[in-house]
Each structure stands twice: as structure tokens, then as C-alpha cells.
Amino acid sequence: MERILLGVIIFTDNPTVHETQLVLKTLRARSVPTKFVAPWDISMPEFPEYDADLVYVPSNMLNRGSTFELIHRLLILREFERSVGTVVNPVDSLVNYSKGHLTLTMERLGVPHPKTLITENIDQAYDFAAGILDSGKNVVLKPLCKGRGVGVIMLNRIRSREDLLQFLSWYVRAHGQGVFYLQEFIPNQGYDVRCMVIDGEVVGREKRSNPEDFRYNVSAGGSAKNFVDSVYDELAINVAEAVGFKITGIDVLPAEDGTPYILEANCFPGYTALIEATGVPIHEKIVDYFTRVLDR
Ligand SMILES: Nc1ncnc2c1ncn2[C@@H]1O[C@H](COP(=O)(O)OP(=O)(O)OP(=O)(O)O)[C@@H](O)[C@H]1O
Ligand SMILES: [Mg+2]
């Protein structure tokens, strides 16, 4: 079979994403041979023999589309791992990527994480939500594998228990795709901190806030500022290692009393706002990491 001389394969179904283009340009500027490969470029059982040392998966190709696509793309990623070696993020971490997995990992790691229930059982979901609401706190519902604040809803305007049950059954179809991820709302200081971790190091941090919304995501209308304090770095690095991500955005929410709650470990973090807020060229930090792998 024909051998193709390459350094980095960017495996994606959408090469036009802004951050992906930034990484591509940086790789090219440093003369690293780079090629885009899409899932439909690969037919099996004969797997193409790429002469590459690293496969970069810059956007989520598993948690959207059909279950069949997920299984097929996973097979491709496993073959990449077997034939090329390094896949970023590692395939196991891609498979595990969900808010549910994060919750279990945070429990094991023993770091502050809001009280959470992950279930398909609407009765359990109801009891959990009603229990928290009865104690005078709020509850947040989230989709397992979406991002950017999409579908993240607070249960603070539910008047009766009957409304709560109706709302839960609507939500689980509209956003949850059959699974409830319910979480205690943590009263906080009006901002969260996103730490960008690459290869076990924090390369940039932003503080995000939104006076109009409890979701501080920039994509949900929030704004971002540089955050220079390294106080959460060690925590963010430990979380990144525990979930197995080499490139990740870790969201830390300081509670009213200052306790740093881990809300999210993002496997495909967008970083356009982070570059704007901090001036740190995250795409170059990513390529620095890739060239360290290629040089090994
Ligand atoms: N338990 C909580 N208590 C207080 N605020 C929360 C809680 N969960 C989420 N939020 C707010 O909502 C925002 C979005 O939630 P989260 O980060 O969990 O989901 P997402 O941003 O959609 O997912 P991802 O981070 O994977 O893109 C958070 O940044 C935070 O501002
Ligand atoms: Mg988030």
C-alpha cells in the first residue's frame, strides 16, 4: 500500500472550526506535515497506512450523530491508536467523556463537586430534585454530553410538585435524551474560572461572568477576563490527569465561602475567548505539545 509521509493527522468531520484552523496554520508555519482526515475517508477492514506520529481529534465526533456512527468512529480511533500511536485526547478519555463520568471521577478523587444524581429513573430524579428544593436550595439540570451552556437549566420557577414532574419528563426528552443529570446549584461569587490545561500544565486562565444569567459561558452571553492567580492550577492539573485529558478546559466555580467546586472537564474546549482575554496563543501551546510528542 502507498505510504503517505505525514507528521500530524487532524481527524475531524469539520475542518472549518476556527480553533482547528489556527492549529493547522501553526503546524504549517513550523513545517510539520499535516493532513485532514474525515471519518468518510477511511473504509475498513484495510486501514490506510499513514506515516504520522500523532492524531489530533479537535472536535467532538462521538457524542453527536447516531449510535452507529459513534461505534464506527470509535473503531477508526482504535485503529489509529494501534497504527499511529498517540491520539489526542487519548481514545479511552474520549470514550469516557461525559458529565456522568466526571462526577464519578471527582467523587473518587475527593475534590469538591456539587451533589449530583445521574439516572434514567424519573422517580429517583423527582425525589432528588424535590429533596434539594425542599431544603431551600436550587437544582440545575444538564445534558450529559453537550457544551457551551446549551440545555443547562435551573429549576427555580417550578411552583408545584406536579409541575416539577411534568417539567422533568419534558426535559429528559427535549435535552437529556433519556438521562437525567441533576445537580445542586452552588451559590457563588458571580464568576467561574476556566483553566486551560495542556500536557499537565496550566497555560491560561479566564474568569467568566454574566450578570444576566447563572451560566457564565461566553457562548451563553457571558464575558471573559484574564485571571492571573494560580490558586486553582494544582487542582485543575489533578482533575485533568484524573479524567485522562492531555488538552482540556477545567471549570472551577468558587462558592460563596471560597470552596472551589469542579463543574466541568471539557474534552474539546473552545479557546477563542480565552485567547482574546489572556493574549496567550493557545493554538501555539497545543502545537508546542505536539512537537514534543513528535520529537520523542
Ligand atoms: N451546580 C452549579 N452551581 C452553580 N452554577 C452552575 C452549576 N452548574 C453549572 N453552573 C453554571 O452553568 C454554566 C454551564 O454549566 P457546565 O459547565 O456544567 O455545562 P456546559 O458549559 O454546557 O458544558 P461544558 O463545560 O462541557 O461546555 C457553568 O459555567 C456555571 O456558570
Ligand atoms: Mg462549562
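Student: Which strand gives the most to the shell around ligand 1?

Tutor: The model is predicted. Four strands, β10 (180-184), β11 (192-198), β14 (247-254) and β15 (260-266), each supply at least two residues of the shell around ligand 1. With three residues, the one that gives the most is β15.

Student: How many residues surround ligand 1, and which class has eleven of them?

Tutor: Ligand 1 is surrounded by 26 residues, and the closest include Lys142, Asp192 and Glu264. By class, the shell has ten nonpolar and five polar residues. The class with eleven is charged.

Student: What percentage of the area of ligand 1 does the protein bury?

Tutor: Start with the polar contacts. A polar side-chain atom of Asn266 is 3.1 Å from an oxygen atom of ligand 1, and one of Glu264 is 3.2 Å from an oxygen atom of the ligand. A polar backbone atom of Phe214 also lies 3.2 Å from a ligand oxygen. Taken alone, ligand 1 exposes 600 Å², and the share of that buried by the protein is 98%.

Student: Which element gives the most to the lining of the largest cavity?

Tutor: The structure has one cavity of 30 Å³ or more, and the largest cavity holds about 50 Å³ of space. Among its lining residues are Ser93, His101, Phe245 and Glu264. Two or more lining residues come from each of α3 (91-96), α4 (99-109) and β15. With three residues, the element that gives the most is α4.

Student: Which domains each give at least three residues to the lining of the second largest pocket?

Tutor: The second largest pocket has a volume of about 440 Å³. Of its 21 lining residues, the closest to its centre include Leu62, Leu70, Cys145 and Gln177. The elements giving two or more residues to this lining are α2 (67-83) and α3. At least three lining residues come from each of domain 1 (4-88) and domain 2 (115-184).

How values were computed:
Residues numbered from 1 in each chain as written. Chains lettered and ligands numbered in written order. Predicted model: local features only at pLDDT ≥ 70, side-chain atom pairs only at ≥ 80, totals over all residues. Heavy atoms only, no water. Near = heavy atom within 4 Å. Polar contact = N/O pair within 3.5 Å; in protein donor to acceptor, adjacent residues only side chain to side chain. Areas by Shrake-Rupley, 256 points an atom, 1.4 Å probe, with all protein chains shown as cover. Nonpolar A, V, L, I, M, F, W, Y, C, P; charged D, E, K, R; others polar. 1 Å grid on protein atoms, 1.4 Å probe; cavity = no way out; pocket = protein on both sides within 12 Å on 5 of 7 lines; lining within 4 Å. Points joined across faces, edges and corners; volume = space filled by probe spheres on them. Domains from an automatic or database assignment.
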